[in-house]
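Subject: Structure handover

Hello,

Here is the structure I promised you. Please open it first, then read my notes beside it.

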Amino acid sequence: MTEVPSAYQRHIGEAAALPENVMLRVNHLVKEFPITRGVFFKKQVGAVQAVSDISFEIRKGETLGLVGESGCGKSTTARCVLRLLEPTGGDVYFRTGEDDHIVDIATADKDTLREIRREMQIVFQDPYASLNPMMTVASIVAEPLVVHDVGTKEERLERVKELLQVVGLSPEHANRYPHEFSGGQRQRIGVARALALNPSFMVLDEPVSALDVSIQAQVLNLMQDLQEELGLTYLFIAHDLSVVRHISDRVAVMYLGKIAELADRDALYEQPMHPYTHALLSAVPIPDPDIEAKRSRILLEGDIPSPANPPSGCRFHTRCPKAKEGVCDVDVPELRELESDHWVACHFPEVKKVF
């Protein structure tokens with residue numbers, strides 16, 4: 001069945017003229033990876049549908065959490081937003097900070113993209129792999145300044161020392177190498193590098209998933225403090241729903257390249273409507289043995305379908321306990337606003353408390 005623009009896509013609009021409170025708008029974003037066959041004359045025989053026609057907005061100064069199981073398209077979405085991956089289709093409108101100009105990142109030329117990169121940065125998931133082991137901390141943090149030809153060598157060194165203090169490290173660490181630091185300290189170095197050019201928007205791609213639980217809280221608190229001090233806007237990607245609840249203002253739940261539910265943080269956790277969201281939240285542990293003993297887990301049957309051959313209709317219907325034959329396996333559910341700013345893509349939504 002041919003998919004039509006959802007109510008949410010019509011709600012946020014097609015034009016690049018963003019409301020003043022919106023920093024980023026994603027419209028009909030699609031990313032497919034070709035499947036080829038042959039050694040010399042490669043022929044495309046299919047495509048992996050990593051992101052399938054999704055739309056969302058991120059407002060100035062807020063944190064939008066993007067959650068879902070591994071492989072659902074969260075990181076691919078983030079990389080397409082930053083144009084680290086070329087989108088197959090769709091638009092990514094971004095409001096620049098200095099002149100309040102609107103740019104479509106998906107179609108921007110090389111020079112425009114270079115300028116925009118000053119305002120859009122990313123903190124990667126693995127602090128052990130995202131830092132060059134052959135470079136000192138000073139060189140790593142100063143690299144964005146060198147690439148964009150900002151300041152003299154002395155000014156860059158002063159900026160590096162300032163950034164290290166901002167993220168809770170000593171300026172004396174500037175001449176050390178990444179292997180001399182713990183995972184939490186390495187992630188702080190990654191944050192310092194991302195802040196070097198004074199960005200207004202940052203993608204945090206599972207920034208604490210590789211860290212110990214005690215260190216996770218420190219890094220999350222650091223990101224919140226920086227957001228308040230510097231007026232940053234975040235796209236926060238994670239699969240840990242307790243972490244997302246701690247830091248996010250709104251939350252979007254993804255399943256197999258689609259957005260299943262999008263709502264304010266408290267509304268999503270207290271009144272989830274999508275069966276997939278119910279299952280995710282039921283797996284979040286509660287540090288109260290009495291309450292935990294009374295809860296019932298929602299166990300999904302089967303495995304996640306392949307994005308190279310996604311199910312027809314609702315992509316969740318093969319694992320959904322509420323799926324009805326002839327409806328869920330045929331019609332693509334529209335992302336509808338069922339409550340104020342609470343959007344759900346389900347034929348049979350139901351409020352179900354899982355905490």
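A term to start with: a residue is buried when its relative accessible area is under 20%, exposed when over 50%, and partly exposed in between (1.4 Å probe, protein chains only). Aspartate 149 is exposed, at a relative accessible area of 62%.

Please keep in mind that this is a predicted model, where local features need pLDDT of at least 70, side-chain atom pairs count only at pLDDT 80 or more, and totals for chains, interfaces and linings use all residues. Residues are numbered from 1 along each chain as its sequence is written, and side-chain values use heavy atoms, with hydrogens and water left out.

The whole chain

The chain has 11 helices and 12 strands. These are DSSP runs, numbered from the N terminus: helices are H or I with at least four residues, strands are E with at least two. The chain is as compact as a globular protein of its length, because its radius of gyration is 21 Å, close to the 20 Å that the globule rule gives for 355 residues. That radius is taken over C-alpha atoms, and the rule is 2.2 Å times the number of residues to the power 0.38. Along its principal axes, the C-alpha trace spans about 70 × 55 × 50 Å.

How much of the chain is buried? Of the 355 residues, 50% count as buried. The accessible surface is about 17000 Å², and carbon and sulfur atoms hold 50% of that surface. Such areas come from the Shrake-Rupley method with a 1.4 Å probe; for residues, only the protein chains shown count as cover.

Next, contacts, meaning heavy atoms within 4.5 Å. Take those between residues at least 6 apart in sequence: 65% of them join residues at least 24 apart.

Charges come next. The chain has 38 positive and 52 negative charges, and their mean positions are 4 Å apart. Lys and Arg count as positive, Asp and Glu as negative, while His and the chain ends are not counted. Each charge is placed at NZ of Lys, CZ of Arg, CG of Asp or CD of Glu.

Helix α4 and what surrounds it

Find α4 (137-147). Its buried residues include Val137, Ile140, Val141 and Leu145. The buried residues of α4 pack against α5 and α6 (183-195).

Threonine 136 sits in the loop between β6 (120-123) and α4. Is threonine 136 buried or exposed? Threonine 136 counts as buried, at 16% relative accessibility. Its side chain makes a polar contact with the side chain of serine 139, at 3.1 Å. A polar contact is a pair of N or O atoms within 3.5 Å; within protein, one must be able to donate a hydrogen and the other to accept it, and residues adjacent in sequence count only if both atoms are side-chain atoms. Leaving out residues up to four places away in sequence, threonine 136 touches Ala174, Asn175, Arg176 and Tyr177.

Histidine 173 lies in the loop between α5 and α6. Histidine 173 is buried, at 13%. Beyond its neighbours within four places in sequence, histidine 173 contacts Val137 and Phe181.

Arginine 159 is in helix α5. Its relative accessible area is 16%, so arginine 159 is buried. A polar atom of its side chain lies 3.1 Å from the backbone oxygen of leucine 195. The backbone oxygen of alanine 196 lies 3.3 Å from a polar atom of that side chain. Not counting residues up to four places away in sequence, arginine 159 touches Leu145, Leu195, Ala196 and Asn198.

Two positive phi values

Most residues other than glycine have a negative phi. Aspartate 149 has a positive phi, near 55 degrees. Aspartate 149 is in the loop between α4 and α5 (153-166).

Glutamate 206 is not a glycine either, and its phi is positive, about 45 degrees. Where is glutamate 206? Glutamate 206 is in the loop between β7 (201-205) and α7 (213-230). Glutamate 206 is buried, with a relative accessible area of 8%.

Two distances

Glutamate 339 lies in strand β11 (residues 335-339) and counts as partly exposed, at 46%. Glutamate 339 and alanine 263 are 76 residues apart along the chain, with their C-alpha atoms separated by 9.0 Å. Threonine 136 and glutamate 325 are 189 residues apart in sequence and 59 Å apart in space, C-alpha to C-alpha.

Best wishes
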